[in-house]
Amino acid sequence: MTDNAGQPASLTLLGLGAMGTALARAWLAAGHRVTVWNRTASRADPLVAEGATAAPTAAEAVAASGLVVVCLLDDASVGEALADAELTGKDVVNLTTSTPGEARERAAWAVARGARFLDGGIMAVPPMIGTPGAYVFYSGSREAFERHGAVLAVPARTAYVGEDAGLAALHDVALLTAMTGMFAGVTQAFALVRDADVAPRDFAGLLADWLRAMTGSVHEMAAQLEGGDLTKGVTSNLAMMAAGNGTLVRTAEEAGVGNELLAPFMALMERRVAQGHGDEGLAGLPGLLRTGGA
Ligand code: FVH
């Protein structure tokens, strides 16, 4: 197999859901030889028409290539799909979303079967695959990453974050977690304006601009967490924000909107203020979330 940039490589892809199909198309379009397998075999048909080779079983698909990319629903489905496959000498790249712990266990499982293992966290939705905005965190075998870096970079930019196989999933899930919290706020905001004479599309523009303007504050938080002084350079302190929460809650009440999405976050701010740390910024809060945090 050759996998230098620009040269055709052979790879196997297990999983042809929305993401697996997008990945397969990107590799096929770049001229690579792709063997595919999917539990529901008919999902391979359009890709075969585009040049892929379909294998009847996952074990046969794995046997076809040295590089085996897996993109299935969850870690349990990875275990099921690879159960009968001979992994000795294979480079297994698992792009299935998993927890850091699952990724480490899957890495140990694959290595015990003679494979090199890379875990990947995809920071893209399927239509982004093949566009400059898409990237994937990788962690695990540095050797496998270096050997296949050019092929892996075809569908999305690559970011190798370390040999601990759990690190890609940690980065992936931490970013997804931030996104989830952001969408909680977005949901609440649309609920507030829903019955008012505010056009959702106009409001969406304002919302996107505001969220973009606020994202710079993560660097302020990072500087405080790294420096250890959680009050240094604070732009908006917790005492001020906690006092302002009352306005958010009363506005929701006036609009007939519940506050269940934001209440736990507001309670966390109030707890930190009650501890005498109202002069800190939001960087004062992550420590409270550790299990057993004061
Ligand atoms: N789609 C997205 O927006 C996100 C973006 C970020 C990364 N995720 C993760 O990518 C993994 C695959 O996601 P997907 O979008 O391809 O998911 P589906 O379209 O639902 O396809 C699921 C595939 O998994 C197969 N599968 C499910 N269970 C099993 C099993 N027990 N054994 C073997 N294969 C299984 C399923 O097969 P089938 O239903 O067609 O027979 C699909 O191929 C995922 O980790 C996302 O979190 C996507």
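**Exercise 1. Which backbone atom lies 2.9 Å from an oxygen atom of the ligand, and in what residue?**

Solution. This is a predicted model.
- Step 1: Start at Ala18. A backbone N or O atom of Ala18 is 2.9 Å from a ligand oxygen atom.
- Step 2: Apply the cut-off. A polar contact needs N or O atoms within 3.5 Å, so the Ala18 pair qualifies.
- Step 3: Look at Leu72. Its backbone, through an N or O atom, also lies 2.9 Å from an oxygen atom of the ligand.
- Step 4: Turn to a side chain. A polar side-chain atom of Glu80 lies 3.1 Å from a ligand nitrogen atom.
- Step 5: Check the cover. On its own the ligand has 900 Å² of accessible area, and the protein covers 77% of this.

**Exercise 2. Describe the site and the shell around the ligand.**

Solution. 
- Step 1: Sort the shell by class.

**Exercise 3. Classify the ring pair Phe190 and Phe203.**

Solution. 
- Step 1: Count the aromatic pairs. There are four.
- Step 2: Take the geometry of Phe190 and Phe203. The ring centres are 5.6 Å apart and the planes stand at 75 degrees, so the pair is edge-to-face.
- Step 3: Locate both rings. Phe190 belongs to helix H7 (residues 166-193) and Phe203 to helix H8 (residues 200-214). They are 13 residues apart, and the pair links distant parts of the chain.

Notes:
Residues are numbered from 1 along each chain as its sequence is written. This is a predicted model: local features need pLDDT of at least 70, side-chain atom pairs count only at pLDDT 80 or more; totals for chains, interfaces and linings use all residues. Side-chain values use heavy atoms; hydrogens and water are left out. A polar contact is a pair of N or O atoms within 3.5 Å; within protein, one must be able to donate a hydrogen and the other to accept it, and residues adjacent in sequence count only if both atoms are side-chain atoms. Accessible areas come from the Shrake-Rupley method with a 1.4 Å probe; for residues, only the protein chains shown count as cover. Rings of Phe, Tyr and Trp (its six-membered ring) pair if their centres lie within 6.5 Å; planes under 30 degrees apart count as stacked, over 60 as edge-to-face and the rest as tilted. Helices (H or I, at least four residues) and strands (E, at least two) are DSSP runs, numbered from the N terminus.
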